[in-house]
Amino acid sequence: MVTYREAMRQAIREALTRDDRAFLMGEDVGRYGGCYAVSLGLLEEFGPERIRDTPLSESAFVGAGIGAALNGMRPIVEIMTVNFSLLALDQIVNNAATLSYMSGGQFNVPLVIRMTTGAGRQLGAQHSHSLEGWYAHIPGLRALAPATLEDARGMLWPALQDPDPVIIFEHGTLYNIEGELADDAGPVDINTAAVRRPGDDVTIITYGGTMRTGLGAAEQLAGSGVSAEVIDLRCLRPLDTATIVSSVARTHRAVIVDEGWRTGSLAAEVSARIMEEVFYDLDAPVARVCSAEVPMPYAKHLEDAAIPQVADVVAAVQMLGG
Amino acid sequence: MGDFTMPSLGADMEAGTIAQWLVKPGDEVHRGGIVAVVETEKSTMEVEIFESGVIDELLVHEGESVPVGTVLAHVTTRTAEAVTAAPPPPPPSGPLPPPVVSPVVRRLAERSGVDLAVLSGSGLGGTVTRADVERAAQPTGDEGARPEWALGRAGPRSSPLARRLAAELGVDLSALRGSGPHGSVVERDVRLAVEVRPDETPPAPVAPEDRQAAMRRAIGALMARSKREIPHYYLSTTIDLTAPAAWLEQTNLERPITGRLIMSVLLLKATALAVKAVPEMNGFMGGGTFASSEAVHVGVAVSLRTGGVIAPAIHNVDQLTLDELMTGLKDLVGRARTGVLRTSEMSDPTITVTNLGELGVETVFGVIYPPQVALVGFGRVTERAWARDGMLGVHPCVTATLSADHRVSDGHRGGRFLAEIDRLLQEPGKL
Amino acid sequence: MTNDEARQLIRSVLHQVAPEADLDEVGAGETLQEALDLDSMDFLNFVVGLHEATGLEIPERDYPQLSTVEGCVTYLTSAG
């Protein structure tokens, strides 16, 4: 049995083993072993040159990562949470995402930034938000959301091969999930969405931390005779529109589950694409299950109430049935 | 805010015409109150409202025919009212000041021949803007200039898929009743309409003088559906009415004319009580499963002299005294014949009784009214040679029949039901 | 009550009970129930109507005498 955390560690180990130019840097990734213990033991294995602790300045070490990438390295930068990544927004959005375009393709930024995202662990409003949608908005970036052990294990290597900056969102509630992972598990495709459960009556579209919420809802719905298909977006930018619309064209109903806030969300983008592409196949309005529009509460019952739960998804699907 | 919608006044109803509004905007209404008179192909009915509040707006004019489910009026409900009741804006006092007009706008008005004095400004503080002048300068009737797609569409809410399918399959969406979210017409409604259609002529718009033909068509559609969907079985038994007839004669002897009872009342009451012993005769078939009903609302088939038949309900017949039932029956038959029935009477009978025999025939094998599952028929009361206790005598008798849904019950239970009616009639004093 | 008065009364009561029914179509010997499609409720209403107009207490056993127009006329003229 392997945890998501261990799968991610294996991915970093593979990257550092296969490519001399690859290295990991971030706050507490070395001696402490990573805030979420992803890099535990890697300092001993690869040494301080390649597992680098940084000062508490996201802007500085992301900027350093961009510089290293421009100069031919393959940096993996870890940011503690998506909330803190806002301190490096200028580096990510104004520099990493633009340089290739502004230099007419002369300079690529083959940088990977890993960051924790999402709520569910009582870490309060400054550590719990889901801002994946913001990054998915930016041309020049690729945004990935591994929701399974295979993706945690397999997305990092192809991300490093991408000549442009890639952001990997690791949902905080996933690190401890456990399961079987094949010994030869390796790189996966990072362009397409995946059908995690086939079904005929409704398509539940989700990603990252709420992917298992979607699966749980599908399981419950099966008990009442509703066959729900669950799509894991996996790649938030660019979105795999084809997989989404071919499913909805068949099921005629869609529920999008997104831990981001509804307003201006990734869910809104998916919904819009469904309307644009398969409007005449819809048998009900597209429904969304998103987080309550409040800064994430600390108290457990409030936090639970604020984020999408299985019962919310089931209810949304049932509403579509009329 | 609540919506008052065109109710379904029977399984076969697709549309209704507002014959008369009994309320106007601003009127206070109470749950259960009669707010409108609705004409259907089969009859005219008083329609109850299910919310209390204030009528906000009437959306459908008298004489207009709309599909079931169409919003007829907006009702501001009590709680909503409390929240939204803002103080009305103070009425303007004194004469209105002349409109404020900028030099540019004044010049534009002069050029395009617009009288500024008659314009009401839409700008800040009532200022007349360029746009106001341009609008006034345009010839009216620009509605006609709008493209057809911008004018909106009538008809029920429907999903994009339902619309596409309806167009492909040639189904008239406005005739469908939606089962989807917010009452929208969805794919399954369209597919169902296609399945049902082959042996029904599409309903044509109904002129009032065609009422009789429309009614015939509505009955035809409903009965065709019944015969198509319901596997009927039929049972018949002859019941000796000596005891109830004697009881009735004795009872009526002591009563003034206006208080007299008729045999139909005893037959109705006995039927209503008999379902207690065989509950699978009383209720509804829906979505492939039968739901028996606690309440016994007996539909009474009333034939109209102008042709046609309707079967409105008397509610809770099992709990009524014979006198109450007599009053109810008199009222119901009278209103059915004059054409003013209530919503609930048309939509919720749980079993139907037909008394066709009064007009001559001995035996009636009826067709079940969907979604009900049983219909009891009583033939003419005739004197017959009847053997009892080893003696042959002349007894008043009636043939009682049962048409029942084989998906719900079988002949054994049906037989038990008729036997129970017989047993109950033999003790008329207890009815 | 004269013959004509009785006939007039029968016509008006029947009109209330069964507005659609046409009394002129009833043959001399025909029963009202059959000719005008009256069921027992209609017939009771007819009897009640006669009672309200004349004050006569019409017992059930007299009903057979009222089954034709002529029978009704005879009943009303001889009683009142």
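Two residues are in contact if their C-beta atoms, placed from the backbone, lie within 7 Å.

B:Ala218 lies in helix H6 of chain B, which comprises residues 211–229. B:Lys42 is 176 residues away from B:Ala218 along the chain, yet the C-alpha atoms of the two are separated by 7.1 Å. Because 22 other C-beta atoms are found within 10 Å of B:Ala218, this residue is buried.

B:Met346 counts as buried because it has 26 C-beta neighbours inside 10 Å. Its contacts, leaving aside neighbours within four places in sequence, are with B:Leu9, B:Gly10, B:Met45, B:Pro312 and B:Leu341. Between the C-alpha atoms of B:Met346 and B:Ala311, which are 35 residues apart along the chain, the separation is 7.2 Å.

Across chain B as a whole, 34% of the 431 residues count as buried. The chain contains 11 helices and 20 strands. Of the contacts in chain B with a separation of 6 or more, 61% are between residues 24 or more positions apart.

Five of the strands of chain B form an open sheet with mixed pairing, in the order E7-E2-E4-E5-E16. Strands E7 and E16 (341–342) of chain B are at the edges, each pairing on one side only. Strand E2 (residues 15–21) of chain B runs antiparallel to strand E7 (residues 65–67) of chain B, and three bridges join them. In this pairing, B:Ala15 is opposite B:Pro67 of E7(B). E2(B) is also paired in the antiparallel sense with strand E4 (residues 34–39) of chain B, here over four bridges. B:Thr17 has B:Glu39 in E4(B) as its bridge partner. In a regular strand, side chains alternate between the two faces of the sheet.

Helix H11 of chain B spans residues 411–425. The buried residues in H11(B) are B:Gly414, B:Phe417, B:Leu418, B:Ile421, B:Leu424 and B:Leu425. These residues lie on the same side of H11(B), because they cover an arc of only 125 degrees around the axis. An α-helix has 3.6 residues a turn, so residues three or four places apart point the same way. The cover over the buried residues of H11(B) includes E9, helix H7 (242–253), helix H8 (263–274) and strand E20 (391–405) of chain B.

Chain B also meets the other chains. Its contact with chain A involves 10 residues of chain B and 11 residues of chain A. On the chain B side, helix H4 (residues 160–169) of chain B supplies the largest share, four residues. The side of chain B that touches chain A has five nonpolar, three polar and two charged residues. The contact between chain B and chain C takes 16 residues from chain B and 15 residues from chain C. On the side of chain C that touches chain B, eight residues are nonpolar, two are polar and five are charged.

The average pLDDT of the chain is 80, and 84% of the residues score at least 70. Strand E9 (residues 232–240) of chain B has the highest confidence, at 94, while helix H1 (residues 78–84) of chain B has the lowest, at a mean of 46. Over residues 80–96 of chain B, pLDDT stays under 50, and the model has four contacts beyond four places in sequence for this stretch. Residues 197–206 of chain B likewise stay under 50 in pLDDT, with eight contacts beyond four places in sequence. Where pLDDT is low, the predicted coordinates should not be read in detail.

Terms used: Residues are numbered from 1 along each chain as its sequence is written. Chains are lettered from A and ligands numbered from 1 in the order in which they are written. Two strands pair if DSSP finds at least two bridges between them. Helices (H or I, at least four residues) and strands (E, at least two) are DSSP runs, numbered from the N terminus. Ala, Val, Leu, Ile, Met, Phe, Trp, Tyr, Cys and Pro count as nonpolar, Asp, Glu, Lys and Arg as charged, and the others, Gly among them, as polar. pLDDT is the predictor's confidence in each residue, from 0 to 100. The expected span of a helix is 1.5 Å times one less than its number of residues. A residue is buried if 20 or more other C-beta atoms lie within 10 Å of its own, exposed if 12 or fewer, and partly exposed in between; C-beta atoms are placed from the backbone. The arc is that of the directions from the helix axis to the C-beta atoms.
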